[in-house]
Amino acid sequence: YRVKQSAFVQASTRVSDCPKDGLPEFAFVGRSNVGKSSLINALVQKKEFAETSKKPGKTQVINHYLINKSWYLVDLPGYGFANVPTDIRSTWNTFTKGYFLRSDSLVCVLLLVDASIPPQAIDLDCADWLGRNRVPLTVVFTKCDKTRKKVDGGKLEDNVRGFLRLLKKSYDQMPPWIMTSAVTNNGRDELLQHLYTLRTY
Ligand code: GTP
Ligand code: MG
(Lines give C-alpha, C1' and ligand atoms only; values in the text may rest on other atoms or scores of the structure.)
(Ligands and ions follow the chains in the order given, each with its own letter.)
Protein backbone atom coordinates (compact mmCIF):
# COMPACT_ATOMS: atom_id res chain seq x y z
CA TYR A 1 0.00 0.00 0.00
CA ARG A 2 2.51 2.54 -1.15
CA VAL A 3 1.83 6.01 -2.41
CA LYS A 4 3.77 5.90 -5.63
CA GLN A 5 2.28 8.96 -7.16
CA SER A 6 0.48 12.00 -5.85
CA ALA A 7 -0.68 15.11 -7.61
CA PHE A 8 -2.76 18.12 -6.77
CA VAL A 9 -5.77 18.16 -9.08
CA GLN A 10 -7.94 21.11 -8.18
CA ALA A 11 -9.31 23.46 -5.57
CA SER A 12 -13.09 23.67 -5.70
CA THR A 13 -15.07 26.47 -4.15
CA ARG A 14 -18.36 24.69 -4.76
CA VAL A 15 -19.32 21.06 -4.27
CA SER A 16 -20.73 21.04 -7.80
CA ASP A 17 -17.25 21.88 -9.15
CA CYS A 18 -15.58 18.80 -7.63
CA PRO A 19 -14.20 16.08 -9.96
CA LYS A 20 -16.90 13.81 -11.30
CA ASP A 21 -14.83 10.88 -12.53
CA GLY A 22 -16.25 8.62 -9.82
CA LEU A 23 -12.91 7.65 -8.29
CA PRO A 24 -13.15 6.85 -4.57
CA GLU A 25 -12.61 9.78 -2.23
CA PHE A 26 -11.33 9.91 1.35
CA ALA A 27 -11.97 13.22 3.04
CA PHE A 28 -9.68 14.63 5.73
CA VAL A 29 -11.23 16.93 8.25
CA GLY A 30 -10.39 18.30 11.66
CA ARG A 31 -9.74 21.35 13.77
CA SER A 32 -7.26 23.90 12.58
CA ASN A 33 -3.79 22.95 13.85
CA VAL A 34 -4.75 19.28 14.34
CA GLY A 35 -1.91 18.29 12.00
CA LYS A 36 -3.84 17.77 8.81
CA SER A 37 -1.22 19.12 6.40
CA SER A 38 1.53 17.28 8.26
CA LEU A 39 -0.31 13.95 8.03
CA ILE A 40 -1.07 14.40 4.34
CA ASN A 41 2.59 15.18 3.69
CA ALA A 42 3.60 12.11 5.69
CA LEU A 43 1.21 9.91 3.70
CA VAL A 44 2.49 11.03 0.32
CA GLN A 45 6.07 11.40 1.61
CA LYS A 46 6.50 14.86 0.22
CA LYS A 47 7.44 17.94 2.16
CA GLU A 48 4.98 20.81 1.89
CA PHE A 49 2.78 18.92 -0.55
CA ALA A 50 -0.46 19.82 1.19
CA GLU A 51 0.57 23.42 1.68
CA THR A 52 1.57 24.15 -1.90
CA SER A 53 -1.94 24.20 -3.25
CA LYS A 54 -3.63 25.59 -0.19
CA LYS A 55 -5.32 28.87 -0.91
CA PRO A 56 -4.39 31.54 1.56
CA GLY A 57 -6.90 33.46 3.60
CA LYS A 58 -10.32 32.37 4.63
CA THR A 59 -11.44 30.98 1.30
CA GLN A 60 -13.30 27.75 1.84
CA VAL A 61 -11.91 25.30 -0.66
CA ILE A 62 -12.09 21.57 -1.23
CA ASN A 63 -8.69 20.35 -2.41
CA HIS A 64 -8.55 17.13 -4.43
CA TYR A 65 -5.29 15.21 -4.58
CA LEU A 66 -5.07 12.21 -6.89
CA ILE A 67 -3.15 9.29 -5.40
CA ASN A 68 -1.70 6.51 -7.56
CA LYS A 69 -4.05 7.69 -10.29
CA SER A 70 -6.80 5.70 -8.59
CA TRP A 71 -8.21 7.51 -5.55
CA TYR A 72 -8.60 10.97 -4.11
CA LEU A 73 -7.39 12.36 -0.89
CA VAL A 74 -9.72 15.28 -0.24
CA ASP A 75 -8.57 18.10 2.00
CA LEU A 76 -11.54 19.91 3.51
CA PRO A 77 -11.58 23.22 5.33
CA GLY A 78 -10.75 22.92 9.02
CA TYR A 79 -13.06 24.04 11.77
CA GLY A 80 -12.60 25.58 15.18
CA PHE A 81 -10.61 28.67 14.35
CA ALA A 82 -9.69 30.73 17.38
CA ASN A 83 -12.52 33.27 17.37
CA VAL A 84 -15.28 30.96 16.21
CA PRO A 85 -17.54 29.66 18.99
CA THR A 86 -17.43 26.00 20.02
CA ASP A 87 -20.01 25.21 17.45
CA ILE A 88 -19.70 23.77 14.00
CA ARG A 89 -22.87 25.40 12.74
CA SER A 90 -21.15 28.20 10.80
CA THR A 91 -19.96 28.66 7.24
CA TRP A 92 -18.16 25.39 7.72
CA ASN A 93 -21.59 23.84 7.88
CA THR A 94 -23.20 24.58 4.59
CA PHE A 95 -20.03 24.12 2.63
CA THR A 96 -18.35 21.07 4.15
CA LYS A 97 -21.53 19.33 5.22
CA GLY A 98 -22.81 19.88 1.69
CA TYR A 99 -19.80 17.97 0.43
CA PHE A 100 -20.38 15.11 2.90
CA LEU A 101 -23.98 14.73 1.82
CA ARG A 102 -23.57 15.30 -1.90
CA SER A 103 -20.41 13.46 -2.84
CA ASP A 104 -21.36 10.09 -4.34
CA SER A 105 -17.74 8.98 -4.41
CA LEU A 106 -17.03 9.63 -0.74
CA VAL A 107 -15.90 6.34 0.81
CA CYS A 108 -15.09 7.58 4.28
CA VAL A 109 -14.41 10.68 6.32
CA LEU A 110 -11.16 10.69 8.24
CA LEU A 111 -11.73 12.82 11.31
CA LEU A 112 -8.39 13.96 12.68
CA VAL A 113 -8.29 14.32 16.44
CA ASP A 114 -5.32 15.77 18.32
CA ALA A 115 -4.27 13.11 20.84
CA SER A 116 -2.12 15.57 22.75
CA ILE A 117 -5.09 17.46 24.16
CA PRO A 118 -8.17 16.31 26.11
CA PRO A 119 -11.37 15.48 24.16
CA GLN A 120 -12.83 18.57 22.50
CA ALA A 121 -16.58 19.12 22.23
CA ILE A 122 -16.26 20.40 18.68
CA ASP A 123 -14.64 17.14 17.50
CA LEU A 124 -17.29 15.07 19.26
CA ASP A 125 -20.01 17.24 17.70
CA CYS A 126 -18.53 16.62 14.28
CA ALA A 127 -18.35 12.86 14.84
CA ASP A 128 -21.91 12.89 16.16
CA TRP A 129 -23.18 14.77 13.11
CA LEU A 130 -21.43 12.32 10.74
CA GLY A 131 -22.96 9.40 12.61
CA ARG A 132 -26.46 10.81 12.50
CA ASN A 133 -26.10 11.43 8.78
CA ARG A 134 -24.71 7.96 8.16
CA VAL A 135 -21.43 9.21 6.77
CA PRO A 136 -18.78 6.49 7.28
CA LEU A 137 -16.13 7.64 9.73
CA THR A 138 -12.64 6.67 10.77
CA VAL A 139 -11.05 8.53 13.67
CA VAL A 140 -7.39 9.34 13.11
CA PHE A 141 -5.56 10.47 16.23
CA THR A 142 -2.65 12.79 15.44
CA LYS A 143 0.52 13.81 17.29
CA CYS A 144 0.79 10.41 18.99
CA ASP A 145 4.53 10.84 19.39
CA LYS A 146 3.85 13.03 22.41
CA THR A 147 3.50 9.94 24.65
CA ARG A 148 6.06 10.66 27.28
CA LYS A 149 5.17 14.25 27.88
CA LYS A 150 2.37 15.30 30.10
CA VAL A 151 0.31 17.58 27.95
CA ASP A 152 -2.49 19.86 29.08
CA GLY A 153 -2.87 18.04 32.36
CA GLY A 154 -3.39 14.61 30.88
CA LYS A 155 -1.48 11.82 29.24
CA LEU A 156 -1.96 10.98 25.59
CA GLU A 157 -3.45 7.58 26.40
CA ASP A 158 -6.02 9.23 28.68
CA ASN A 159 -6.95 11.69 25.94
CA VAL A 160 -7.48 8.90 23.42
CA ARG A 161 -9.40 6.67 25.82
CA GLY A 162 -11.49 9.63 26.95
CA PHE A 163 -12.38 10.57 23.41
CA LEU A 164 -13.37 7.02 22.51
CA ARG A 165 -15.47 6.73 25.65
CA LEU A 166 -17.38 9.93 24.77
CA LEU A 167 -17.72 8.78 21.16
CA LYS A 168 -19.65 5.72 22.38
CA LYS A 169 -22.55 8.03 23.21
CA SER A 170 -23.04 8.70 19.49
CA TYR A 171 -22.15 5.29 18.08
CA ASP A 172 -23.62 1.88 18.86
CA GLN A 173 -20.88 0.34 16.79
CA MET A 174 -17.58 2.11 17.28
CA PRO A 175 -15.96 3.54 14.16
CA PRO A 176 -12.44 2.33 13.36
CA TRP A 177 -9.67 4.43 14.88
CA ILE A 178 -5.96 4.70 14.20
CA MET A 179 -3.14 6.40 16.07
CA THR A 180 -0.66 8.33 13.96
CA SER A 181 2.31 10.64 14.15
CA ALA A 182 3.62 12.78 11.35
CA VAL A 183 6.88 13.09 13.27
CA THR A 184 7.69 9.37 13.64
CA ASN A 185 5.41 8.22 10.77
CA ASN A 186 3.84 5.77 13.19
CA GLY A 187 0.46 4.58 11.96
CA ARG A 188 1.08 5.73 8.43
CA ASP A 189 1.22 2.27 6.89
CA GLU A 190 -1.72 1.16 8.99
CA LEU A 191 -3.75 4.12 7.76
CA LEU A 192 -2.87 3.46 4.12
CA GLN A 193 -3.77 -0.20 4.51
CA HIS A 194 -7.04 0.80 6.16
CA LEU A 195 -7.94 3.07 3.24
CA TYR A 196 -7.06 0.31 0.81
CA THR A 197 -9.31 -2.14 2.64
CA LEU A 198 -12.26 0.29 2.67
CA ARG A 199 -11.83 0.93 -1.03
CA THR A 200 -12.20 -2.70 -2.00
CA TYR A 201 -15.64 -3.03 -0.45
P1 GTP B 1 -4.07 24.38 9.62
O2 GTP B 1 -3.82 24.10 8.17
O3 GTP B 1 -3.49 25.68 10.09
O4 GTP B 1 -5.49 24.24 9.97
O5 GTP B 1 -3.30 23.28 10.50
P6 GTP B 1 -3.10 21.74 10.18
O7 GTP B 1 -4.21 20.95 10.74
O8 GTP B 1 -2.79 21.52 8.74
O9 GTP B 1 -1.82 21.42 11.08
P10 GTP B 1 -0.31 21.37 10.64
O11 GTP B 1 -0.02 20.13 9.89
O12 GTP B 1 0.08 22.65 10.01
O13 GTP B 1 0.39 21.23 12.07
C14 GTP B 1 0.14 22.14 13.12
C15 GTP B 1 1.27 22.08 14.13
O16 GTP B 1 1.31 20.80 14.75
C17 GTP B 1 2.64 22.27 13.52
O18 GTP B 1 3.43 23.01 14.40
C19 GTP B 1 3.17 20.87 13.36
O20 GTP B 1 4.56 20.79 13.39
C21 GTP B 1 2.56 20.16 14.55
N22 GTP B 1 2.34 18.72 14.27
C23 GTP B 1 1.65 18.22 13.25
N24 GTP B 1 1.64 16.87 13.28
C25 GTP B 1 2.37 16.52 14.36
C26 GTP B 1 2.75 15.26 14.94
O27 GTP B 1 2.41 14.17 14.48
N28 GTP B 1 3.52 15.31 16.08
C29 GTP B 1 3.89 16.49 16.63
N30 GTP B 1 4.62 16.42 17.74
N31 GTP B 1 3.56 17.68 16.11
C32 GTP B 1 2.82 17.70 15.00
MG1 MG C 1 -2.97 22.79 7.07
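The model is predicted, so local features need pLDDT of at least 70 and side-chain atom pairs count only at pLDDT 80 or more, while totals for chains, interfaces and linings use all residues. Residues are numbered from 1 along each chain as its sequence is written, with chains lettered from A and ligands numbered from 1 in the order in which they are written.

**Overall fold**
- The protein has six helices and seven strands, taken as DSSP runs numbered from the N terminus (helices: H or I, at least four residues; strands: E, at least two).
- Starting at the N terminus, you get β-β-α-α-β-β-α-β-α-β-α-β-α.

**Around ligand 1**
- The shell holds 15 residues, with Ser 32, Gly 35, Lys 36, Ser 37 and Ser 38 the closest; a residue is in if its C-beta atom, placed from the backbone, lies within 6 Å.
- Helix H1 (residues 36-44) gives the largest share, three residues.

**Helix H6**
- Leu 191, His 194 and Leu 195 are buried in H6.
- They sit on the same side of H6, because they cover an arc of only 95° around the axis (the arc of the directions from the helix axis to the C-beta atoms).
- Asp 189, Gln 193, Tyr 196 and Thr 197 are exposed on the other side of H6.
- The buried residues of H6 pack against strands E2 (25-30), E6 (137-142) and E7 (177-179), with contact meaning C-beta atoms, placed from the backbone, within 7 Å.

Note on methods: Buried ≥ 20, exposed ≤ 12 C-beta atoms within 10 Å, placed from the backbone. Contact = placed C-beta atoms within 7 Å.
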